[in-house]
Amino acid sequence: MLVGYMRVSSADDRQTVDLQRDALVAAGVDHRHLHTDKASGARDDRPGLKACLDYLNAGDTLVVWKLDRLGRSLPHLLTIVTDLKARGIAFRSLTEQMDTTTPHGELLFSLFGALAQYERALTRERVMAGLAAAKRRGRQGGRPPMIDAETLERITAALDGGASKASVCRTFKVPRSTLLGTLARIGWAGSAKA
(Lines give C-alpha, C1' and ligand atoms only; values in the text may rest on other atoms or scores of the structure.)
Protein backbone atom coordinates (compact mmCIF):
# COMPACT_ATOMS: atom_id res chain seq x y z
CA MET A 1 0.00 0.00 0.00
CA LEU A 2 1.19 3.54 -0.79
CA VAL A 3 1.00 6.00 2.12
CA GLY A 4 1.65 9.70 1.56
CA TYR A 5 3.05 12.37 3.82
CA MET A 6 2.69 16.11 3.15
CA ARG A 7 4.01 19.11 5.07
CA VAL A 8 3.98 22.88 4.86
CA SER A 9 6.03 25.05 7.20
CA SER A 10 3.39 27.60 8.11
CA ALA A 11 0.21 26.95 10.06
CA ASP A 12 -1.57 29.90 8.45
CA ASP A 13 -3.62 29.72 5.25
CA ARG A 14 -0.93 31.19 2.97
CA GLN A 15 0.66 27.76 2.42
CA THR A 16 -1.35 24.76 1.30
CA VAL A 17 -0.57 21.14 0.55
CA ASP A 18 -2.58 21.18 -2.69
CA LEU A 19 0.46 20.76 -4.97
CA GLN A 20 1.79 17.90 -2.84
CA ARG A 21 -1.65 16.23 -2.60
CA ASP A 22 -2.11 16.37 -6.40
CA ALA A 23 1.34 14.85 -7.02
CA LEU A 24 0.86 12.07 -4.44
CA VAL A 25 -2.60 11.14 -5.72
CA ALA A 26 -1.25 11.13 -9.31
CA ALA A 27 1.51 8.75 -8.11
CA GLY A 28 -1.16 6.31 -6.88
CA VAL A 29 -1.60 7.23 -3.21
CA ASP A 30 -5.23 6.90 -2.10
CA HIS A 31 -6.47 10.19 -0.58
CA ARG A 32 -7.54 8.23 2.53
CA HIS A 33 -3.87 7.33 3.17
CA LEU A 34 -2.50 10.88 3.22
CA HIS A 35 -1.03 12.41 6.39
CA THR A 36 -0.41 16.14 6.80
CA ASP A 37 1.51 18.50 9.06
CA LYS A 38 1.65 22.28 9.22
CA ALA A 39 4.95 22.65 11.06
CA SER A 40 8.65 23.24 10.52
CA GLY A 41 10.58 20.27 9.13
CA ALA A 42 13.14 20.74 11.89
CA ARG A 43 10.57 19.78 14.54
CA ASP A 44 10.62 16.18 15.74
CA ASP A 45 7.18 16.35 17.37
CA ARG A 46 5.03 16.52 14.24
CA PRO A 47 1.75 14.67 14.96
CA GLY A 48 1.01 13.98 11.28
CA LEU A 49 4.44 12.39 10.75
CA LYS A 50 4.09 10.30 13.91
CA ALA A 51 0.64 9.09 12.81
CA CYS A 52 1.99 8.32 9.34
CA LEU A 53 4.97 6.34 10.62
CA ASP A 54 2.75 4.44 13.08
CA TYR A 55 0.26 3.64 10.28
CA LEU A 56 2.89 2.06 8.00
CA ASN A 57 3.35 -1.73 7.95
CA ALA A 58 5.90 -4.05 6.35
CA GLY A 59 5.42 -4.08 2.58
CA ASP A 60 4.03 -0.52 2.48
CA THR A 61 5.73 2.42 0.75
CA LEU A 62 5.99 5.91 2.20
CA VAL A 63 5.70 8.49 -0.58
CA VAL A 64 6.62 12.18 -0.30
CA TRP A 65 6.55 14.91 -2.92
CA LYS A 66 10.06 16.11 -2.02
CA LEU A 67 12.72 15.03 0.50
CA ASP A 68 12.59 18.31 2.43
CA ARG A 69 8.90 17.69 3.21
CA LEU A 70 9.93 14.74 5.39
CA GLY A 71 12.72 16.58 7.23
CA ARG A 72 15.13 19.48 6.85
CA SER A 73 18.35 17.86 8.06
CA LEU A 74 20.09 14.98 6.35
CA PRO A 75 20.73 13.05 9.59
CA HIS A 76 17.02 13.25 10.49
CA LEU A 77 16.00 12.04 7.02
CA LEU A 78 18.45 9.16 7.24
CA THR A 79 17.16 8.16 10.65
CA ILE A 80 13.59 8.00 9.36
CA VAL A 81 14.44 6.12 6.16
CA THR A 82 16.77 3.69 7.99
CA ASP A 83 13.98 2.94 10.47
CA LEU A 84 11.56 2.37 7.58
CA LYS A 85 14.01 -0.02 5.91
CA ALA A 86 14.46 -1.98 9.14
CA ARG A 87 10.67 -2.34 9.37
CA GLY A 88 10.43 -3.58 5.76
CA ILE A 89 8.88 -0.35 4.48
CA ALA A 90 10.01 1.23 1.20
CA PHE A 91 10.47 4.96 0.60
CA ARG A 92 9.81 7.10 -2.49
CA SER A 93 10.46 10.79 -3.12
CA LEU A 94 8.75 11.93 -6.31
CA THR A 95 10.80 15.05 -7.08
CA GLU A 96 14.23 13.46 -6.50
CA GLN A 97 13.03 10.22 -8.14
CA MET A 98 14.36 8.22 -5.21
CA ASP A 99 12.82 4.80 -4.67
CA THR A 100 14.51 2.47 -2.17
CA THR A 101 12.98 -0.56 -3.90
CA THR A 102 15.26 0.03 -6.92
CA PRO A 103 19.06 -0.36 -7.15
CA HIS A 104 19.31 3.35 -8.15
CA GLY A 105 17.34 4.45 -5.07
CA GLU A 106 19.36 2.17 -2.80
CA LEU A 107 22.59 3.70 -4.16
CA LEU A 108 21.30 7.25 -3.56
CA PHE A 109 20.31 6.35 -0.02
CA SER A 110 23.77 4.87 0.65
CA LEU A 111 25.42 8.02 -0.74
CA PHE A 112 23.27 10.22 1.49
CA GLY A 113 24.29 8.09 4.48
CA ALA A 114 27.98 8.42 3.62
CA LEU A 115 27.62 12.20 3.18
CA ALA A 116 25.87 12.55 6.54
CA GLN A 117 28.62 10.58 8.27
CA TYR A 118 31.25 12.76 6.55
CA GLU A 119 29.37 15.91 7.62
CA ARG A 120 29.32 14.74 11.27
CA ALA A 121 33.06 13.99 11.17
CA LEU A 122 33.86 17.42 9.69
CA THR A 123 31.70 19.18 12.27
CA ARG A 124 33.43 17.32 15.11
CA GLU A 125 36.84 18.14 13.64
CA ARG A 126 35.97 21.87 13.40
CA VAL A 127 34.63 21.97 16.95
CA MET A 128 37.72 20.27 18.38
CA ALA A 129 40.05 22.62 16.44
CA GLY A 130 38.10 25.65 17.68
CA LEU A 131 38.23 24.48 21.30
CA ALA A 132 41.98 23.82 21.04
CA ALA A 133 42.59 27.29 19.56
CA ALA A 134 40.51 28.94 22.29
CA LYS A 135 42.36 26.98 24.98
CA ARG A 136 45.73 28.14 23.58
CA ARG A 137 44.48 31.73 23.95
CA GLY A 138 43.50 31.04 27.56
CA ARG A 139 39.75 30.90 26.98
CA GLN A 140 37.66 28.30 28.70
CA GLY A 141 34.99 26.69 26.55
CA GLY A 142 31.42 26.01 27.55
CA ARG A 143 28.59 28.03 28.97
CA PRO A 144 29.58 31.00 31.15
CA PRO A 145 28.90 30.50 34.86
CA MET A 146 25.44 31.61 35.99
CA ILE A 147 26.73 32.64 39.42
CA ASP A 148 29.66 35.07 39.54
CA ALA A 149 32.60 34.39 41.87
CA GLU A 150 31.63 37.05 44.43
CA THR A 151 28.05 35.82 44.73
CA LEU A 152 29.24 32.22 44.93
CA GLU A 153 31.51 33.15 47.82
CA ARG A 154 28.57 34.72 49.68
CA ILE A 155 26.38 31.69 48.93
CA THR A 156 28.92 29.17 50.24
CA ALA A 157 29.48 31.33 53.34
CA ALA A 158 25.70 31.36 53.97
CA LEU A 159 25.48 27.60 53.46
CA ASP A 160 28.48 26.99 55.72
CA GLY A 161 26.77 29.23 58.28
CA GLY A 162 23.79 26.89 58.33
CA ALA A 163 21.41 28.42 55.78
CA SER A 164 19.31 25.97 53.81
CA LYS A 165 19.69 25.64 50.06
CA ALA A 166 16.06 26.73 49.62
CA SER A 167 16.61 29.96 51.57
CA VAL A 168 19.84 30.65 49.67
CA CYS A 169 17.98 30.20 46.37
CA ARG A 170 15.32 32.70 47.49
CA THR A 171 17.80 35.22 48.88
CA PHE A 172 20.16 35.22 45.90
CA LYS A 173 17.41 34.62 43.31
CA VAL A 174 19.16 31.53 41.94
CA PRO A 175 17.28 28.49 40.56
CA ARG A 176 17.82 25.38 42.66
CA SER A 177 19.18 23.36 39.71
CA THR A 178 21.75 26.12 39.00
CA LEU A 179 22.80 26.19 42.65
CA LEU A 180 23.18 22.42 42.88
CA GLY A 181 25.12 22.24 39.60
CA THR A 182 27.46 25.05 40.64
CA LEU A 183 28.10 23.53 44.08
CA ALA A 184 28.85 20.15 42.49
CA ARG A 185 31.22 21.76 39.97
CA ILE A 186 33.26 23.54 42.69
CA GLY A 187 33.24 20.44 44.89
CA TRP A 188 31.44 22.04 47.84
CA ALA A 189 30.81 19.30 50.41
CA GLY A 190 28.52 21.38 52.59
CA SER A 191 27.47 21.24 56.16
CA ALA A 192 25.13 18.65 57.63
CA LYS A 193 22.33 21.26 58.00
CA ALA A 194 22.34 22.22 54.31
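Start at Leu 70. Beyond its neighbours within four places in sequence, Leu 70 is in contact with Tyr 5, Arg 46, Leu 49, Leu 62, Val 64, His 76, Leu 77, Ile 80, Val 81 and Phe 91. The model is a predicted one.

Now widen the view. Leu 70 is among the residues with the most contacts inside the largest nonpolar core, which has 20 residues. Tyr 5, Leu 53, Leu 56, Leu 62, Leu 84 and Phe 91 share that standing. Several elements build this core. Strand 1 (2-8) and strand 3 (61-64) each supply at least two residues. So do helix 2 (47-55), helix 3 (67-70), helix 4 (74-86) and helix 5 (103-136). Helix 4 gives the largest share, five residues.

Leu 183 leads on to helix 8, residues 176-186.

Which residues of helix 8 are buried? They are Thr 178, Leu 179, Thr 182 and Leu 183. Why do they fall on the same side of helix 8? Because they cover an arc of only 125° around the axis. The face turned away from the buried side carries Ser 177, Ala 184 and Arg 185, which are exposed.

Gly 187 follows helix 8, and its phi is positive, near 80°.

Definitions and conventions:
Residues are numbered from 1 along each chain as its sequence is written. This is a predicted model: local features need pLDDT of at least 70, side-chain atom pairs count only at pLDDT 80 or more; totals for chains, interfaces and linings use all residues. Side-chain values use heavy atoms; hydrogens and water are left out. Buried means under 20% relative accessible area, exposed over 50%, partly exposed in between (1.4 Å probe, protein chains only). Helices (H or I, at least four residues) and strands (E, at least two) are DSSP runs, numbered from the N terminus. The arc is that of the directions from the helix axis to the C-beta atoms. A nonpolar core is a set of buried Ala, Val, Leu, Ile, Met, Phe, Trp, Tyr and Cys residues joined through side-chain atoms within 4.5 Å. Contact means heavy atoms within 4.5 Å.
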